[in-house]
Amino acid sequence: MQAYVVGGAVRDELLGLPVVDRDWVVVGATPEEMVALGYTPVGRDFPVFLHPETHEEYALARTERKSGRGYKGFTVYSAPDVTLEDDLKRRDLTMNAMARDAEGRLVDPFGGERDLKAGVLRHVGESFVEDPVRILRVARFAARFRFRVAEDTMQLMRQIVAHGEADHLVAERVWQEFGRGLCEAHAEEMFLVLERCEALLHLAPELNALFAGASREAVFGMLARAAAAHAPLAVRFAALAWFSGAPQGADDGGRAFRDDDGGRAFRDEDGGRAFRDDDGGRAFRALCDRLRAPVDVRELAVLACRCREGLRKAASGDPAVLLSLLKNADAFRRAARFEALLQAAGFAEPGTSAGATRARDALAAAGAVDAGAIAQNAASTKEIAENVDAARLAAIAGALNRSTPGA
């Protein structure tokens with residue numbers, strides 16, 4: 001029985017990066033022997049155990065044989081006769097197919113160290129095409145390390161897409177890899193790789209259309225700004241959504257909006273200058289539904305499309321425009337989400353920063369209005385709404401006057 005550190009820990013150590021987690025492969029052991037040594041079994045699809053003291057994962061060496069569609073369509077074989085090289089051979093990229101033995105010696109049968117030094121993402125073997133998740137992993141590693149994809153590996157990725165394997169990916173796994181890639185330092189590289197192998201068209205046609213349009217360079221700039229600020233995933237995704245949809249100036253005559261999580265209606269109250277729930281909102285709702293994105297991510301992305309025009313008008317808008325924006329964004333109930341929206345807008349369109357400042361001032365002023373006290377002196381629900389709006393408009397006007405030089 002021998003244990004080896006494998007995969008990402010070896011790769012990151014060679015790159016001089018901090019090693020956060022270590023995974024181990026055990027050669028020459030059975031599940032019964034692992035349990036007898038005090039290891040706790042946790043693997044569902046193949047034998048994986050937790051070390052009794054460090055709680056690091058130890059997997060028995062295994063091989064895989066393709067037996068069906070998708071990334072779960074494999075038959076796993078694990079036994080004491082499986083060698084370390086057999087186990088490493090089934091891995092995706094050469095840089096992830098290295099190991100270190102107990103004495104610290106590097107085991108590198110497929111040239112992973114060479115490809116690391118050259119900055120190349122290269123597949124280990126022809127079995128690469130059997131797992132469509134590897135398309136997403138390659139794209140994510142491109143976003144993390146800014147390595148180039150070897151041309152023969154790119155050809156295999158195109159082959160996976162052309163044979164329809166990518167169509168069988170589980171939505172949650174697609175979102176998991178996509179979300180991780182979007183939060184890497186060079187997220188644009190993920191999109192470029194997925195675009196080159198034509199996977200983006202299959203997995204996220206809404207984003208494929210976005211990157212094929214005139215906003216391409218602007219999107220890349222947004223991703224760089226969001227990465228530099230270490231923005232959370234929901235904010236980065238909402239900033240992407242900002243670039244999708246109708247042109248500036250569109251309005252819908254004051255029709256109601258729908259709050260997707262609760263079915264509550266929003267209605268613009270500024271005399272018909274509604275902020276449109278446009279094609280961008282519909283497109284990103286469809287994308288989030290298909291990929292089963294988390295609710296907070298979905299909400300903020302749709303809100304970015306819905307309130308984009310309002311935020312653009314906020315820099316020069318009167319109190320009625322600002323109040324309308326706050327109500328459409330549900331800012332009085334969801335102040336933290338509204339702040340996330342302002343951050344996303346700032347990454348997507350830095351010119352909205354002045355409007356964001358005014359929107360924050362407007363929210364602080366209008367939010368201080370005592371709606372409960374006003375309600376006690378009103379005769380009807382309609383009168384309550386009208387009086388609260390009037391008080392909020394006056395508060396916003398006062399705040400804007402105080403913040404204007406020379407006022």
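**Figure 1. Buried residues of helix 16 and what covers them.** In this predicted model, helix 16 (residues 335-348) has as its buried residues R337, F338, A340, L341, L342, A344, A345, F347 and A348, where buried means under 20% relative accessible area, exposed over 50% and partly exposed in between, with a 1.4 Å probe and protein chains only. The cover over these buried residues includes helix 11 (216-228), helix 12 (233-241), helix 14, helix 15 and helix 17 (353-367). Helix 16 has 14 residues and reaches 20 Å from its first C-alpha to its last, close to the 20 Å expected at 1.5 Å a residue, the expected span being 1.5 Å times one less than the number of residues. Helices (H or I, at least four residues) and strands (E, at least two) are DSSP runs numbered from the N terminus. Residues are numbered from 1 along each chain as its sequence is written, and side-chain values use heavy atoms, with hydrogens and water left out. Because this is a predicted model, local features need pLDDT of at least 70 and side-chain atom pairs count only at pLDDT 80 or more, whereas totals for chains, interfaces and linings use all residues.

**Figure 2. Packing of helix 14 against helix 15.** Helix 14 (residues 295-314) and helix 15 (residues 319-328) pack at an angle of about 165°, with their axes 9 Å apart; axes are lines fitted to C-alpha atoms, for helices over the stretch in contact, and angles run from 0 to 180 degrees between N-to-C directions. That angle makes helix 14 roughly antiparallel to helix 15, a term for angles over 145 degrees, with under 35 counting as roughly parallel, 65 to 115 as roughly perpendicular and the rest as oblique. To the contact, defined as heavy atoms within 4.5 Å, helix 14 brings L303, R306, C307, G310, L311, K313 and A314, and helix 15 brings V321, L322, L325 and N328. These residues divide into 7 nonpolar, 2 polar and 2 charged, with Ala, Val, Leu, Ile, Met, Phe, Trp, Tyr, Cys and Pro counted as nonpolar, Asp, Glu, Lys and Arg as charged, and the others, Gly among them, as polar.

**Figure 3. Helix 12 and its contact with helix 14.** Helix 12 is mostly covered, with 8 of its 9 residues buried, namely A234, V235, R236, F237, A238, A239, L240 and A241. Helix 12 and helix 14 pack at an angle of about 35°, and their axes lie 8 Å apart. The contact is formed by A234, V235, F237, A238 and A241 of helix 12 together with D296, V297, L300, A301, A304, C305 and R308 of helix 14. Sorted by type, the residues of this contact are 10 nonpolar, no polar and 2 charged.

Figure 4. A359, placed in helix 17, is buried, with a relative accessible area of 1%. Leaving aside neighbours within four places in sequence, A359 is in contact with L322, L325, L326, F338 and L342. A359 and A315 are 44 residues apart in sequence, yet 8.3 Å apart in space from C-alpha to C-alpha.

Figure 5. L223 is found in helix 11 and is buried, with a relative accessible area of 4%. Apart from neighbours within four places in sequence, the contacts of L223 are with L182, A187, E188 and F191. The C-alpha atoms of L223 and E184, which lie 39 residues apart along the chain, are separated by 9.5 Å.
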